Amino acid sequence: MTDTTTEMDGNVAELRNTVRDPKGQGDPKSYRISKDGETTRHEDAAWADKDLKMYTRDVHVHYGDNHAIKGVSVDVRPNEVLALMGPSGCGKSTFLRCLNRMNDPVPNARIDGTIALEGENIYDKDYDVVMVRLRIGMVAQAPNPFPKSIYENIAFGPRLHGLTDGKEELDEVVENSLRRAGLWEEVKDQLHQPGTNLSGGQQQRLCIARAIANEPEVILMDEPCSSLDPVSTNTIEELIMELKKSFTVVIVTHDMQQAERVSDRVAYFHLGDLVEVGPTNAVIRDAQDQRTKEYVSGHIG
Ligand SMILES: Nc1ncnc2c1ncn2[C@@H]1O[C@H](COP(=O)(O)OP(=O)(O)OP(=O)(O)O)[C@@H](O)[C@H]1O
């Protein structure tokens with residue numbers, strides 16, 4: 001069952017007044033809220049909470065003349081796993097990277113629209129980009145531990161941001177983060193060995209532990225299992241389901257089975273458009289848009 005109007009009418013009215021003008025010009029209420037009439041939005045009767053974790057409206061990204069994201073509006077709910085899916089080049093990573101301003105340094109990239117974290121526009125000129133990345137962590141496609149010890153990989157962020165007071169507290173953060181990433185038992189006797197000595201799957205869990213150590217609210221994952229074997233993939237997927245108890249997760253995946261296993265909702269992208277969004281089962285099993293149907297049936301990929 002679908003509702004082609006919007007899944008969050010009530011939220012829009014409530015939040016539009018709290019989102020600040022990103023460029024410091026004009027009345028925030030004058031923002032075009034969305035062009036999402038073209039996005040199929042599946043009804044989700046269970047969803048009643050008006051408190052969104054993230055809110056994006058009419059987001060456009062240009063790389064020079066390449067219009068990579070075309071007016072995307074989607075919400076991210078607290079403690080959900082939202083999967084961004086779609087064929088190669090449709091803009092999943094670009095959109096993900098916009099959520100914590102990772103595209104800022106990309107030459108030629110221009111980002112327009114509104115992206116808010118708990119009602120605050122993260123592109124506001126007064127919003128500290130370091131704070132954005134602290135509150136919204138990122139796990140990359142390929143494991144990328146720092147060329148430092150396991151301990152230092154985790155301790156680096158909390159130390160840099162002054163999140164801990166003294167060695168004892170830092171030790172606790174390191175242990176807790178590794179435990180929450182399901183890695184402590186495997187590495188507790190080699191904390192001062194290089195992180196790069198670990199297996200690929202362990203390295204990815206180390207990167208997740210590194211993200212957790214900063215106590216983010218949202219964790220972005222860009223195809224976190226794409227370089228891993230099935231056993232490591234399974235471990236990371238179980239970890240994602242555990243993480244959503246404490247964090248909100250937005251994950252890019254090509255893998256429909258993975259989306260079904262780990263995500264609560266799917267946002268399906270095609271050539272820079274968000275064409276369909278809703279509960280995972282609804283989008284994958286009962287797609288309404290022809291483009292989504294073709295993708296889930298394996299005709300485009
Ligand atoms: N740094 C960049 N500079 C210029 N163009 C870029 C850059 N990153 C992405 N693009 C372009 O933006 C469009 C969307 O790319 P993006 O990587 O976001 O897609 P994707 O859906 O994540 O693809 P994939 O699944 O293959 O990773 C493509 O046309 C791509 O060439």
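**View 1. Residues of helix 7 that meet helix 8.** In this predicted model, Gly 200, Gly 201, Gln 204, Arg 205 and Ile 208 of helix 7 meet Ser 232, Thr 235, Ile 236 and Leu 239 of helix 8, where contact means that C-beta atoms, placed from the backbone, lie within 7 Å. These residues divide into three nonpolar, five polar and one charged, with Ala, Val, Leu, Ile, Met, Phe, Trp, Tyr, Cys and Pro counted as nonpolar, Asp, Glu, Lys and Arg as charged, and the others, Gly among them, as polar. Residues are numbered from 1 along each chain as its sequence is written. Local features need pLDDT of at least 70, side-chain atom pairs count only at pLDDT 80 or more, and totals for chains, interfaces and linings use all residues.

**View 2. Packing of helix 7 and helix 8.** Helix 7 and helix 8 (residues 230-243) pack at an angle of about 20 degrees, and their axes are 9 Å apart. Helix 7 is therefore roughly parallel to helix 8 (under 35 degrees; over 145 is roughly antiparallel, 65 to 115 roughly perpendicular and the rest oblique).

**View 3. Crossing of helix 5 and helix 7.** The axes of helix 5 (residues 167-180) and helix 7 (residues 200-213) come within 8 Å and cross at roughly 130 degrees, so the two helices are oblique to each other. On the side of helix 5, Val 173, Ser 177, Leu 178 and Arg 180 make the contact, and on the side of helix 7, Ala 209, Ile 212 and Ala 213. The residues of this contact divide into five nonpolar, one polar and one charged.

Technical notes:
Axes are lines fitted to C-alpha atoms, for helices over the stretch in contact, and angles run from 0 to 180 degrees between N-to-C directions. Helices (H or I, at least four residues) and strands (E, at least two) are DSSP runs, numbered from the N terminus. Two residues are in contact if their C-beta atoms, placed from the backbone, lie within 7 Å.
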